[in-house]
Amino acid sequence: MSFLFVQFLTGLTAASSLFLVASGLSLIFGVTRVVNFAHGSFYMLGAYIAYSLATRLAGPLGFWAAVLLAALAVGVLGAVMEALILRRIYQGPELFPLLATFAVVLIAQDAALAIWGPEDLLGPRLPGLKGAARVFGRAFPAYDLVLVALGPLVLGGLWLLFHRTRWGTLVRAATQDREMVEALGVRQTSLFTAVFFLGACLAGLGGAVQLPREAVNLHMDLNTVTEAFVVVVVGGMGSIAGAFLAACLIAELNAFGILVFPQITLVLTFLVMAAVLVLRPWGLMGRPDVALRAPAAALEPPLGSGSRRARLFLYGAAALLLLLPLVAGDYGLVVLTEIMVLALFAASLHFIMGPGGLVSFGHAAYFGLGAYGAALAIRHLDFAMAPALLAAPLLAAAGALLFGWFSVRLSGVYFAMLTLAFAQIAWSGASQWLSFTGGDNGILGVWPSRFFADKLAFYYLALVLCGGSILLLRRLIAAPFGYTLRAARDSPLRADAIGIDVRRHQWLAFVVAGLLAGIAGGTYAFSKGSVFPTVLSISNSVDALVMVLLGGLQSLAGPLIGAALFTGLLEEIAPLTDYWRAIVGAIILVLVIVFPRGLAGFARARPRRFRGAEEEP
Amino acid sequence: MTERRTLLAGISALILGSLAGLSIAAAAEPIKIGDVNSYTGLPAFTIPYRNGWQMALAEINAAGGVLGRPLEVVSYDDGGKPEEAVTRAQQLLSQDHAVLLMGTFFSNIGLAVSSFAAQNKVFFMAAEPLTDAVTWEKGNRYTFRLRPNTYMQTAMLAEEAAKLPAKRWATVAPNYEYGTSGVADFKKLLAAKRPDIEWVAEQWPAFGKIDAGATVEALAAAKPEAIYNVLFGGDLSKFVREGNTRGLFQGRAVASLLTGEPEYIDPLKDETPKGWIVTGYPWYDIKMPAHEKFLKAYMAKYNDHPRMGSVVGYNTMLAVAAVIRKAAATDTEKLIKAAEGLKLATPIGEITFRAIDHQSTMGTYVGKTDVRQGEGVMVDWHYADGANYLPSDAEVKKMRPAE
């Protein structure tokens with residue numbers, strides 16, 4: 001009995017830490033609609049800054065001063081990020097800020113490495129509370145009791161702030177309907193900056209109070225941010241109390257789950273998230289009717305079904321891709337092959353994101369299932385290359401059929417998070433099902449047949465498979481199916497009213513995207529010669545998102561340009577310096593600010609703007 | 001003719017090197033070695049590795065290089081992704097014309113590059129990956145591995161653990177391949193020596209995301225007499241803090257893989273639990289002349305003490321140079337032939353690359369943890385020669401795929 005109680009208390013400690021991070025994330029999303037990838041970085045920086053301060057300030061007072069100063073410093077960083085970067089791109093497409101926060105993650109990682117070095121740093125414990133308290137005769141870290149209290153304390157403080165102050169009322173109002181708040185004359189800019197300050201503060205506080213519990217390290221950011229996303233989504237986006245409830249739920253499930261199924265730690269949180277989203281799509285305490293009008297800039301003109309410019313671009317690209325290999329060396333061919341594969345991966349994601357209007361955070365699942373489809377067919381069925389390549393899209397489509405059925409029942413961020421959960425479940429399946437997938441050690445020896453072992457032959461194969469699939473996608477977007485999808489995206493209600501089965505079309509689009517990502521994955525497997533669970537990882541999904549957003553969402557050429565640019569950037573910069581991540585991050589930031597509609601979107605918009613200027617009297 | 005040219009080049013390199021204080025200036029074209037490792041994915045381990053091979057490289061070139069030509073290492077970062085590592089390996093081959101590949105830390109990356117090496121028929125010296133599969137289940141004739149694998153290090157711990165009176169054992173390991181095979185090997189080896197042992201609990205926290213308090217309580221609830229730990233890095237320090245505070249380690253023996261390596265014990269400082277049986281690298285107490293020379297040179301060059309990764313990097317570079325020197329050529333077949341059975345003197349003792357499975361017999365240090373002047377250290381340690389902790393030749397042959 002005493003053991004169960006202590007385990008419960010331990011769960012509450014973890015819940016408090018989770019809540020601090022998640023509440024800030026939820027707050028920021030609720031008000032600004034920004035999916036803040038950099039939230040984990042705020043958490044990590046909070047811990048690092050607190051480490052530096054706490055090793056200099058003595059005594060319990062010094063410790064708490066360090067924690068508070070660290071939280072404030074991170075809050076300022078958050079406000080600066082909002083004011084310098086995000087404020088410039090709110091008018092762009094809905095997801096563009098996400099790209100910017102991703103760039104900030106890259107920069108923060110390298111900044112932490114440069115300032116604090118690569119080694120884990122074990123911070124000082126809280127003076128006076130180093131030891132254990134006795135709870136029903138069992139030792140329990142005294143400091144953890146402080147944390148257990150801190151969660152509800154912060155929750156109470158936030159409640160007072162939001163319900164007893166004018167500013168808090170405005171924040172709540174903005175969470176419900178920010179256009180209305182703006183229409184009533186509330187300055188959004190200062191409200192958003194303040195919200196970012198508070199949200200980042202909370203993340204920094206969450207990181208800083210970890211000091212007596214764990215070593216500060218460079219992996220804290222990404223390890224935390226996914227967990228925090230799960231909590232926010234389970235609790236309901238924008239709901240602080242929901243985040244608290246979800247944090248408790250997940251932490252307690254984890255604390256007791258490991259007693260029964262110690263192996264399940266890898267997937268437990270994502271299983272919970274998937275279950276909650278399927279049963280209660282808006283999270284435990286979220287509200288389904290959050291007003292979300294698309295900002296005017298996001299309403300793009302309908303895509304032309306092949307203007308002269310577009311056709312010229314297409315012919316040019318095709319000629320380039322056909323002729324380039326003649327001058328590229330062996331390694332150049334490998335890079336070109338990779339670009340083709342990633343272009344299809346990005347184009348398939350673009351298909352559901354752009355025309356489909358469904359943003360997937362887990363598209364790597366289908367890319368990875370394709371890669372595994374080919375590899376498994378070789379490993380277990382002794383398939384030759386051609387049939388194995390056929391198995392790739394089949395497995396991917398099967399996965400998309402299943403996961404898609406659940407996912408298209410949701411929309412917006414909830415859809416994104418459910419796809420992420422499914423991708424995570426597929427990932428842990430691949431790493432845990434040792435006898436079937438080879439686990440983390442992967443499947444080796446997935447090399448092309450003798451004829452295609454030649455780099456040039458393989459490049460042309462990739463060009464035919466991936467280029468052909470991209471052309472097919474173009475065709476699909478211009479076909480009635482594509483128009484139907486766009487109708488469903490722009491106005492689901494009207495589409496429904498004229499007899500379009502919105503869900504079925506979205507489901508079908510999801511499967512098509514999955515299938516084509518599977519072709520990309522299968523080709524990828526043969527180009528690398530081995531398949532590991534990393535193809536299914538979150539970072540792979542994020543890479544695809546970055547490529548699509550870089551290229552621009554509302555342009556057919558976007559994914560191609562995005563893939564070429566992203567691969568090219570890494571190719572050119574990575575060998576130059578250990579700090580290539582920061583440079584890539586900085587370049588993405590510049591691109592995001594200068595071309596808020598993506599590169600291809602910029603090229604399309606430019607002539608029109610000039611025309612507009614000429615027409616002015 | 002060639003001999004004379006070699007000699008001349010060697011002499012000119014020596015003279016120029018000592019005159020200008022530069023490591024290379026020979027007229028001969030350098031031999032290019034390709035290196036790929038996770039320099040941004042896991043800098044705490046891979047930067048010391050790079051320091052190690054850079055120091056060895058400078059020493060080799062100052063002494064005239066190999067075959068009269070200086071060595072040049074082209075090094076890339078794989079960002080911790082196996083797919084990226086394969087692309088870099090291709091770049092090293094096609095664009096940089098490297099004659100052989102070396103490096104890698106993560107097991108899956110080691111395996112990916114080893115498969116690439118077999119496909120492209122290029123020599124690969126896997127430096128740091130631990131998984132047994134690199135030289136056994138998925139071994140191939142192009143791949144050699146320097147560091148003692150999971151099985152060997154586990155066998156060293158199991159030998160010590162079998163001497164303990166403890167009968168009730170619990171295990172805790174990160175939930176991925178390194179953790180699972182580390183536990184499976186340990187259970188098998190310990191059970192063979194001690195049939196009376198009972199396994200009472202196992203915990204598998206997700207790598208990098210341990211809920212340490214809950215894990216510690218769950219282990220304590222099973223009332224084990226001893227614990228076997230495979231956690232490392234951030235997970236380890238969390239686990240140690242919670243375990244110390246909650247009294248998990250009081251009156252319990254702990255055997256712990258890799259914990260004595262400076263990479264992992266240094267951050268624990270004065271909170272290092274005492275008396276754990278660990279494998280590691282007590283650089284501060286090793287009195288062998290070869291090691292003292294290495295230590296002095298390393299501290300002088302980097303103003304920092306070496307880590308386990310530094311030794312691995314240093315030895316990898318020595319091994320690569322020795323292989324080329326013995327082969328007297330740079331074509332793959334001759335390199336493989338030269339590497340099989342190659343004996344090499346290193347700062348921590350002589351090692352052999354076994355012909356049977358291409359695993360080196362490099363060992364590691366086994367001892368107990370303690371705290372000295374606020375730093376975690378290893379005491380009562382001895383060097384365990386890897387040659388004594390390998391399975392029988394028949395078993396190895398059974399595991400390695402036929403060629």
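**Close-up 1. A salt-bridge network links residues of chains A and B.** Its members are Arg138(A), Asp144(A), Arg213(A), Glu217(B), Glu242(B) and Arg246(B). A salt bridge is a side-chain nitrogen of Lys or Arg within 4 Å of a carboxyl oxygen of Asp or Glu. Over all chains, the whole structure holds 30 salt bridges. This is a predicted model, in which local features need pLDDT of at least 70, side-chain atom pairs count only at pLDDT 80 or more, and totals for chains, interfaces and linings use all residues. Residues are numbered from 1 along each chain as its sequence is written, chains are lettered from A and ligands numbered from 1 in the order in which they are written, and side-chain values use heavy atoms, with hydrogens and water left out.

**Close-up 2. Glu217(B) and Arg246(B) form a salt bridge.** The N to O distance is 2.9 Å. The pair links distant parts of the chain, 29 residues apart. Glu217(B) sits in helix α7 (residues 212-221) of chain B. Arg246(B) lies in the loop between α8 (233-245) and β9 (253-260) of chain B. Helices (H or I, at least four residues) and strands (E, at least two) are DSSP runs, numbered from the N terminus. Both Glu217(B) and Arg246(B) are buried. Buried means under 20% relative accessible area, exposed over 50%, partly exposed in between (1.4 Å probe, protein chains only).

**Close-up 3. Glu198(B) and Arg168(B) meet in a salt bridge.** N and O are 4.0 Å apart. This pair also links distant parts of the chain: Glu198(B) is in strand β7 (residues 198-203) of chain B, and Arg168(B) is in strand β6 (residues 168-172) of chain B, 30 residues apart. Glu198(B) is partly exposed at 44% relative accessible area. Arg168(B) is partly exposed at 25%.

**Close-up 4. Strand β6(B) pairs with β7(B) and β8(B).** Two strands pair if DSSP finds at least two bridges between them. β6(B) and β7(B) run parallel, joined by five bridges. Thr171(B) has Glu202(B) as its bridge partner in β7(B). Four bridges join β6(B) to strand β8 (residues 226-229) of chain B, again in the parallel sense. There, Val172(B) stands opposite Asn229(B). Four of the five residues of β6(B) are buried.

**Close-up 5. Glu160(B) and Lys163(B) form a salt bridge.** Their closest N and O atoms are 3.3 Å apart. Glu160(B) counts as buried, at 19% relative accessibility. Lys163(B) is exposed, with a relative accessible area of 60%.
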